[in-house]
Amino acid sequence: MPRLGNPTPQLDYWPEETVVDEQDLVVAGISLLRLVEVCGTPAVHSAASVIPGSGGQPSSSDATAVLVVRVLEVERQNSRSTVIRVDARLDDLRLVWAEALLIGRAATLRRKFCLVVHSSPDEPGTHGTTENPVLLELPVDVAPGDLIAIPSRSLANDSLSNDSAPYRHPLTGRADWQPSSALR
């Protein structure tokens, strides 16, 4: 029988107080499964970044976000090729792909590379776009309905402490984003 669970993440890439277990990811006291239950997907949660190499010490100026997407379809084209369609556009996002974790259930530790593409549930007949597919290593038993959590260390600047500087969205880098008061 294959081993179940998530691989051990590099916590320097995740927000402060990230706790990983077999099925859930808790970030700064917020369960990502509960966040998805309340808000749906795609969902984003941000908290202070961890200072790399500090053993988990939070940064006073940087934030890390986590994007949670839902798998809509898994198309196994042959024994070597799998296409995963998710409910979020992944192109132009600054994500740490190597740290992607399956949450919501125990998955096999055996992994394989898959092409991950966006598929819009709002556009009937849309099977996703392969213009900017992402190659991602996921458990071999990934299935529709699964949730994938991916961190982003892109909210890096002193704009969290400088009221005159533009705020940047943690995933897209867009300057029109306003962080929650918890990050200021």
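This is a predicted model: local features need pLDDT of at least 70, side-chain atom pairs count only at pLDDT 80 or more; totals for chains, interfaces and linings use all residues.
Colleague: Thanks! Which element gives the largest share of the lining of the largest pocket?

Modeller: That is β9, with 3 residues. The pocket itself holds about 170 Å³ of space. It is lined by 13 residues, and the closest to its centre are Trp97, Ala98, Glu99, Arg111 and Glu137. Two elements, β8 (111-118) and β9 (134-139), each give two or more residues to this lining.

Colleague: How many of the lining residues are nonpolar, polar and charged?

Modeller: The lining divides into 9 nonpolar, 1 polar and 3 charged residues.

Colleague: Now to salt bridges. How many does the structure hold?

Modeller: The general idea is that side chains of opposite charge can pair when their charged atoms come close. In this structure there are 5 salt bridges. One of them joins Arg34 and Glu37, at 2.5 Å from N to O. These two are about one helical turn apart, because 3 residues separate them in helix α1 (residues 32-39).

Colleague: Is Glu37 buried or exposed?

Modeller: Glu37 is exposed, at 59% relative accessibility, while Arg34 is partly exposed at 46%.

Colleague: And which residue forms a salt bridge with Asp146?

Modeller: Arg105 does, with the closest N and O atoms 2.7 Å apart. Arg105 is in the loop between β7 and β8 and Asp146 in the loop between β9 and β10, so this pair ties together parts 41 residues apart in sequence. Asp146 has a relative accessible area of 7%, which means it is buried, the cut-off being under 20%. Arg105 also forms a salt bridge with Asp141, at 3.2 Å between the closest N and O atoms.

Key: Residues are numbered from 1 along each chain as its sequence is written. Side-chain values use heavy atoms; hydrogens and water are left out. On a 1 Å grid over the protein atoms alone, a cavity is a set of points where a 1.4 Å probe fits but cannot get out, and a pocket is an open set with protein on both sides within 12 Å along at least five of seven lines; lining residues have an atom within 4 Å of a point. Grid points are joined across faces, edges and corners, and a volume is the space filled by probe spheres set on the points. Helices (H or I, at least four residues) and strands (E, at least two) are DSSP runs, numbered from the N terminus. Ala, Val, Leu, Ile, Met, Phe, Trp, Tyr, Cys and Pro count as nonpolar, Asp, Glu, Lys and Arg as charged, and the others, Gly among them, as polar. A salt bridge is a side-chain nitrogen of Lys or Arg within 4 Å of a carboxyl oxygen of Asp or Glu. Buried means under 20% relative accessible area, exposed over 50%, partly exposed in between (1.4 Å probe, protein chains only).
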